[in-house]
Amino acid sequence: MPNIQIKQRPLITRPEHFQRVSTFVAEILARRGVESEQELDLKLKYLLAPKMKGLDQAIQIIDTAIDQQKKIVIVGDYDADGATSTALMILALRDMGANVEYLVPDRFKYGYGLTPKIADLAFTSYQPDLLITVDNGISSHAGVEQAQLHGMQVIITDHHLTTKETPKAEAVVNPNQLGCEFPSKALAGVGVAFYLLANLSSHRAKQGKSGSKVVQYLDLVALGTYADVASLDYNNRILVDSGLKRIQQNQCRAGISALLDIAGRDPAELKAQDLGFVLGPRINAAGRMETMDIGIECLLAVDMQVAYPLARQLNDLNLERRQVENQMKQEALSELENLKLDQDHLPAALVMFDEHWHQGVIGIVAGRLKEQFHRPSIVFAADQDGIHIKGSARSIDGIHIRDCIEKVAEQSPHLVSHFGGHAVAAGLTLKKEHFEEFNSAFTQLIQNMDEELFQATLWTDGELAHQAFTLTTVDMIEQLGPWGQKFPAPIFEGRFKVLDYRWLKEIHLKLKLALDTGQSVEAIAFNAADKFDFDPQQSSVRIVYELDKNQFNGQVNVQLKMLHLEH
C-alpha cells in the first residue's frame, strides 16, 4: 500500500455565500467549488443551453435522412458509455421514424473507433447513406475518408480530447473539439448524444414532424455518464440525478431492471455510485469478454422476458471478467515482486506487458495497480495480428495521461501507432518490438515531474462532531448528491477509542468505537485484512471514514465505513 498523508480539503469557494443551508453543508459545498445554492437545484430546466459547435449541421442532416428514409448506421464503442449512447440513438431515432441500425466494432478484431476497416464493414453490412459515431471518431481521419469514399455522409459525436483539427466529416459534435464554446467539457459520449437527440426532436416538433420524448431515456444517460467516470459538474449532476430518479421509480429500461434484480439490488434504494459499481461493470463485461452487442440488446430489450436472459449473460461475463482480472493482477504483482520493488523504490510509472494477458481487462488491472501503488500505470496485451500490442493507461491526480502519451509520440513518432483518451484514462497501440523503448521513454517523462505528485493524499472534510453521528446527517449528505468524480462524497477523519473488535469471515473488520456523547458507534472496513494493519493491543485508532447506514433485522443505525485506519 502507498504511504498515505491525510489532509483536509481546502475551501475553494466561500461558505458564507450559502445563506439557506447549515454551516456544515456550506463547508462541504465550498470544499467542492460549488458557486451558489442554485447548484443544489437539479431540475432539467437548468441544463446548459445547446450551444455546441456542429450541432445545427448534424440536426439538419439527420432530419433530412429521417424524412427521406435514408439508411442510418450508428457506430458505437465497446464500453458502457458507448453501449448506452448506441442504445439511446437507436431508441430515439426509431421513435422519430428513422431507418437505423447499429454496429459495434469487436475490440479484438478491429480495435477502437471508426477505422477504415469499420467503414468497410458498415458498407458491406448495411450500405448506409449516413454513418453516425457515438463516443468515438474525433481522431478517425482515415475512417471518415473511407466512409465518404463508400458514398456515406458522416456525423461524429464524441467527447474525447483532441489537440488536432477534427476529421472532415459532414458534422462533428464534441464539446472538446477545437473552437467549441460549450461551457461544460465534462459531457460523456451519451451526454453528447442526448443533447443532439433532444434538440433534433425539438427541431422536428416545431415542423409538426414525429419526435421522441428523449427525457424517458435519461436512465441510459445517467448510467453511461457515471460508468464512464465523467466529472460531475453541475450539468452532469442534473443528468445523473434525473436518470437515477427514473430508475428508483422503476421508469427505466427493462434491461436495467433485470440487471438490478440479478444483482439483488432494490431500485428504490439505488445510489449514483451503484451506476458505476453495480450496473457499469456488468454492461462493460460484454465489451471486455465477448461482444458489446449483448449489452446493447439488453438495454434495447422491450420487456423483462427479453431482457432477463441477456442480463444473466452479462452477469456471467462479469464473473468471468473478475476471475481473469484477479489472475492478471496477481501475475503483475508477482512480476513487481521479482523486480524487488517495494513502496520506497518504485519507478515513476508502472508499464507492464504479458503475451498471455486478456485485452478486455487490461484497463481494470491498470486501475488496480494505480490505486495500489499511486503511480501512473499502463498495462499491455498482445493484439491478434501478432505485431502490435494494445495498452490501457490509468493515471493519478496531476498527471494528464493522454497528454503524456502524446508527448512521447511527438518526441519519438515511431513508438506510438494510435492513442486517445482523457486526463485520467487513455488507450494506445504500439508495435511489440517497441515496448521496451516506449517503457523507457514514458517512465523517463513521468520521472521528470514534480515529486509531490507521487505522494498519495487522502482528502477529508475534517473532523465531524460526534453529535452529528445521526441518520439525519446521513440523509442530508445523500440529498446533496449525486456524488462522484470531481464531486466526491464527504469523508471525515478522527481518533476514536476502541471498545471492541471482531473479524467477519476473517477479512472484514468491525469495530465498536466510543463517542464523546457517551454512546458508541460501529465501524466496518471491507477486505481490511488486505488493506489495514490493525493491532488489537492498541486502545485507539485514527480513521478516515464515510458516514453510512446499516440496516439489519428491520433496524437502521448509523455506521462508519472505514476507508483508512492507522494507530
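Biologist: How many helices and strands does the protein have?
Modeller: There are 18 helices and 17 strands; helices (H or I, at least four residues) and strands (E, at least two) are DSSP runs numbered from the N terminus. This is a predicted model, where local features need pLDDT of at least 70, side-chain atom pairs count only at pLDDT 80 or more, and totals for chains, interfaces and linings use all residues. Residues are numbered from 1 along each chain as its sequence is written, and side-chain values use heavy atoms, with hydrogens and water left out.

Biologist: What share of the residues is buried?
Modeller: Of the 567 residues, 54% are buried, meaning under 20% relative accessible area with a 1.4 Å probe, protein chains only.

Biologist: And S9, how many of its residues are buried?
Modeller: Strand S9, residues 388-394, has 6 of its 7 residues buried.

Biologist: Which way does S8 run against S9, parallel or antiparallel?
Modeller: Antiparallel, with 6 bridges joining S9 to S8 (residues 377-382). Two strands pair if DSSP finds at least two bridges between them. Ala381 is opposite Lys390 in S9.

Biologist: What sits between S8 and S9?
Modeller: They form a hairpin with 5 residues between them. In the turn, Gly386 has a positive phi of about 75 degrees.

Biologist: How many bridges join S9 to S11?
Modeller: 7 bridges, and S9 and S11 (residues 425-431) run antiparallel. Ala393 has Ala426 in S11 as its bridge partner.

Biologist: Changing topic, what does the C-alpha trace span?
Modeller: About 75 × 55 × 45 Å along the principal axes.

Conventions: Buried means under 20% relative accessible area, exposed over 50%, partly exposed in between (1.4 Å probe, protein chains only).
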